[in-house]
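Q: I am new to this structure and would like to go through it step by step. Could we look at it together?
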Amino acid sequence: MLETGALSPDVKRLFGQVAKQSEQYKKSFEKIDNLIKQFHVDREEMLGELETTRENIASSIKKLEKYSMDTVDEFKEKVELTHRLYKELDKIDRLKSDLFEIREELKAQSLDVAKTITEFNMKAESAVERAIGQAKTTFDNSINKEMERIEGRVSRSLAKFDNTQKLHERRLISVDRGIKAEVKKLAGELDYVYSSITEIKADLANYFKSIIDKIQYFDEEVPRISNLLENSIEKYNHKIDTLSKGGIPAHETRQERTFEDYDEIEEETPMFSPNTSVGVIEGEMDSDLFTFDEDTPPSKRSKTPAKKIKPRTTEEKVVDLEDDLSELEDRISSSSGRNIASFIMSMISLAGLLLVVLSQVLGLF
Amino acid sequence: MKKEKLDRILQKVGPKTVKEDLAEYGYLLEWVNEFMKERYETDKDFKMEIYTILYNHSKRVEPELDIYFLEHLSYNLNNFLGKTENA
């Protein structure tokens, strides 16, 4: 109620009623608003559902149409198939009836064929037996002919083979003989080479031995010769002294003689001959000094008569020895080279012979 | 601050005015008709101020105020009915 005194109580009651009614109106309006909102929401939902149902219906209608079309097509196909099947069935019925007829005909024909087959078999057996007999005879004849021909060929080839084998054996024997002869020759050559080498070795040993003996002899003789020379020089000096004291005889003076006269005298009477005026000692000295006969002792050598050959000096003899040695070496080298060359040539010829034999043996097989 | 709120605060806190005293004793309308009749008839705000003072402070029934409220009520009810009918 209003707390003012300015308004009449009727008006206040009226306003109170109006306020109550307004409250009721407010509540009812709120309800209505809520209902309207709910209605709007429901309406939106319904519209959405309606749209979806419309779409669903449209799609289902389309599907249904398609399905119906498919089923109709399938049905048409099946109808055609059944029609075809019925036609085929009619054909089968016709064929069945034909088959029965053919079967009957075949029965009759089979009986005829059996009869003809038995007859044919009889005839064929007799014909085949005859043909087999003829073929057997012809085959036997041809086989015999072929066998004879092959045997002849085989015997001919065997004979040829024997001939060739004998020929090759003969060749092998000859080659073997040749090889043996070559080997023997080679063995002889080798023996000759070995013997020549041993001889050369023995010669060399003798040479060296003789050289050593000579050197030893020189070692022994050189002091003796020097003593003799000293004695002879003293004698000459003594003679010169006596001559200078007593005067030189006219036939002994050499001052008047020319240089050529000295040479003639020397030729006639060599300086180192045993019959010089120097005497026995000089002759002994010369013969001992310049005679080098092998295997003769010095005592014997002194007794041998002196030859009228110009004696060689020691240097000349050493030169001669060196020449002999070099000659011997040349001979050894040439003989060994010749032997080696002959040995190589014989080995090459042997290898060639072996190759020829191998090629012939391989040609055989 | 709004004027209406300020007026309400002043009514509670401030001292009583001459108009409020006259309204309490039942002479405000006579005083206004006597001294401020023209303004009361022309100035709506002033008229509303006088009505507010009467409503809050008068202790006897004022038929003019009843009529004003009833008119206002009927006007509002008509509006309401018109709106509800249209809706």
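Q: In chain B, what share of the contacts with a separation of 6 or more comes from residues 24 or more positions apart?
A: This is a predicted model. In chain B, residues 24 or more positions apart account for 53% of the contacts with a separation of 6 or more.

Q: And what is the figure for chain A?
A: For chain A, residues 24 or more positions apart make up 57% of the contacts with a separation of 6 or more.

Q: What secondary structure does chain B have?
A: Chain B has six helices and zero strands. Along the sequence, the pattern of chain B reads α-α-α-α-α-α.

Q: How many helices and strands are there in chain A?
A: Chain A has five helices and zero strands, and its pattern along the sequence is α-α-α-α-α.

Q: How much of each chain is buried?
A: In chain B, 13% of the 87 residues are buried. In chain A, 2% of the 365 residues count as buried.

Q: Which residues form the largest nonpolar core?
A: That core has ten residues. From chain A come A:Ala6 and A:Leu7. From chain B come B:Ala23, B:Leu28, B:Val32, B:Ile50, B:Ile53, B:Leu54, B:Leu65 and B:Phe69.

Q: Which helices of chain B each supply at least two residues of this core?
A: They are α3 (28-35), α5 and α6 (63-86) of chain B. Helix α5(B) gives the most to this core, with three residues.

Q: Let us take B:Leu28. Where is it placed, and is it buried or exposed?
A: B:Leu28 lies in helix α3 of chain B. With 22 other C-beta atoms within 10 Å, B:Leu28 is buried, because 20 or more is the requirement for a buried residue.

Q: What does B:Leu28 touch, leaving aside residues up to four places away in sequence?
A: With those left out, B:Leu28 touches B:Lys19, B:Leu22, B:Ala23, B:Ile50, B:Ile53 and B:Leu54.

Q: How far apart are B:Leu28 and B:Ile50?
A: In sequence, B:Leu28 and B:Ile50 are 22 residues apart. In space they are 8.1 Å apart, from C-alpha to C-alpha.

Q: Changing topic, how do α2 and α5 of chain B cross?
A: The axes of helix α2 (residues 18-25) and helix α5 (residues 44-57) of chain B come within 9 Å and cross at roughly 55°. That angle makes α2(B) oblique to α5(B). The crossing of α2(B) past α5(B) is right-handed.

Q: Which residues meet there?
A: From α2(B), the residues are B:Lys19, B:Glu20, B:Ala23 and B:Glu24. They meet B:Ile53, B:Leu54 and B:His57 in α5(B).

Q: What kinds of residues are in that contact of α2(B) with α5(B)?
A: The contact of α2(B) with α5(B) comprises three nonpolar residues, one polar and three charged.

Q: Finally, how many residues does each chain bring to the contact of chain A with chain B?
A: Chain A brings seven residues to the contact and chain B brings 13 residues. On the side of chain A that touches chain B, four residues are nonpolar, three are polar and none is charged.

How values were computed. Residues are numbered from 1 along each chain as its sequence is written. Chains are lettered from A and ligands numbered from 1 in the order in which they are written. This is a predicted model: local features need pLDDT of at least 70, side-chain atom pairs count only at pLDDT 80 or more; totals for chains, interfaces and linings use all residues. Two residues are in contact if their C-beta atoms, placed from the backbone, lie within 7 Å. Ala, Val, Leu, Ile, Met, Phe, Trp, Tyr, Cys and Pro count as nonpolar, Asp, Glu, Lys and Arg as charged, and the others, Gly among them, as polar. Axes are lines fitted to C-alpha atoms, for helices over the stretch in contact, and angles run from 0 to 180 degrees between N-to-C directions. Helices (H or I, at least four residues) and strands (E, at least two) are DSSP runs, numbered from the N terminus. Angles under 35 degrees count as roughly parallel, over 145 as roughly antiparallel, 65 to 115 as roughly perpendicular and the rest as oblique. A crossing is left-handed if the near helix is turned anticlockwise from the far one by less than a right angle, and right-handed if clockwise. A residue is buried if 20 or more other C-beta atoms lie within 10 Å of its own, exposed if 12 or fewer, and partly exposed in between; C-beta atoms are placed from the backbone. A nonpolar core is a set of buried Ala, Val, Leu, Ile, Met, Phe, Trp, Tyr and Cys residues joined through C-beta atoms within 7 Å.
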